[in-house]
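Please keep the sequence and the model in view while reading the points below.

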Amino acid sequence: MDPDAVAKAFVEHYYSTFDANRGGLANLYQEGSMLTFEGQKIQGSQSIVSKLTSLPFQQCQHSITTVDCQPSGPLAGEQHALKFSQLFHLMPTPQGSFYVLNDIFRLNYA
């Protein structure tokens, strides 16, 4: 499996789901998954989704400009664009799909 193709497909799926139905991201995380959001550490699928769905905006549209991949083993009306960095560490499941083990999000202020 091509790691770049997996990364591109994952990023497209993640952000389209985030933009349309953040609660639908739950199946991408497991109980051992951790999200670090602006320095706040959150662990477990339900806690992560609770954080993402509690963000103070309802509408969002991501514009993906770049996707960088490094394989590491098996593998509401806001009109202002915000720049950010987000790192996902994907792990394979026994069923042949992937879940997010680690997710780090930071706004880029500049």
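Of the 110 residues of the protein chain, 27% count as buried, a term that stands for under 20% relative accessible area, with exposed meaning over 50% and partly exposed the range in between (1.4 Å probe, protein chains only). The model is a predicted one, in which local features need pLDDT of at least 70 and side-chain atom pairs count only at pLDDT 80 or more, while totals for chains, interfaces and linings use all residues. Residues are numbered from 1 along each chain as its sequence is written, and side-chain values use heavy atoms, with hydrogens and water left out.

**Overall architecture and surface**

- The protein chain contains 2 helices and 4 strands; helices (H or I, at least four residues) and strands (E, at least two) are DSSP runs, numbered from the N terminus.
- Read from the N terminus, the order of these elements is α-β-β-α-β-β.

**Strand pairing around β1**

- Strands β1 and β2 run antiparallel and are joined by 4 bridges; two strands pair if DSSP finds at least two bridges between them.
- Within this pairing, Thr 36 has Lys 41 of β2 as its bridge partner, and Met 34 stands opposite Gln 43 in β2.
- β1 also pairs with strand β4 (residues 98-107), in the parallel sense and over 5 bridges.
- Leu 35 stands opposite Asp 103 in β4.
- In a regular strand, side chains alternate between the two faces of the sheet.

**The hairpin and Glu 38**

- The hairpin of β1 and β2 has 2 residues between the strands.
- Glu 38 is placed in the loop between β1 and β2, and its phi is near 50°, a positive value in a residue other than glycine.
- Glu 38 counts as partly exposed because its relative accessibility is 28%.

- In helix α2 (residues 45-53), the residues Ser 45, Ile 48, Val 49 and Leu 52 are buried.
- These residues cover an arc of only 95° around the axis, so they lie on the same side of α2; the arc is that of the directions from the helix axis to the C-beta atoms.
- The buried residues of α2 pack against α1 (3-20), β1 (29-37) and β2 (40-43).
- Ser 45, which lies in α2, counts as buried because its relative accessibility is 5%.
- Leaving out residues up to four places away in sequence, Ser 45 touches Ala 26, Tyr 29, Gln 30 and Glu 31, where contact means heavy atoms within 4.5 Å.

**Gln 30 and its surroundings**

- Gln 30 belongs to strand β1 and is partly exposed, with a relative accessible area of 36%.
- Beyond its neighbours within four places in sequence, Gln 30 is in contact with Gly 44, Ser 45, Thr 93, Tyr 99 and Val 100.
- Gln 30 and Gly 44 are 14 residues apart in sequence, and their C-alpha atoms are 5.9 Å apart in space.

**Aromatic pairs**

- The whole structure holds 8 aromatic pairs; rings of Phe, Tyr and Trp (its six-membered ring) pair if their centres lie within 6.5 Å, and planes under 30 degrees apart count as stacked, over 60 as edge-to-face and the rest as tilted.
- The ring centres of Phe 10 and Phe 88 are 5.0 Å apart and the planes stand at 75°, so this pair is edge-to-face.
- Phe 10 and Phe 88 are both buried.
- Another edge-to-face pair is formed by Tyr 14 and Tyr 15, at 5.1 Å centre to centre with 85° between the planes.
- Tyr 14 and Tyr 15 are likewise both buried.
- Ring pairs link Phe 10, Tyr 14, Tyr 15, Phe 18, Phe 57 and Phe 88 into a cluster.

**The salt bridge**

- The structure has 1 salt bridge, defined as a side-chain nitrogen of Lys or Arg within 4 Å of a carboxyl oxygen of Asp or Glu.
- Glu 12 and Lys 8 form a salt bridge, with the closest N and O atoms 2.6 Å apart.
- Both residues, Glu 12 and Lys 8, lie in helix α1 and are 4 residues apart, about one turn of the helix.
- Glu 12 is partly exposed at 40% relative accessibility, and Lys 8 is partly exposed with a relative accessible area of 47%.
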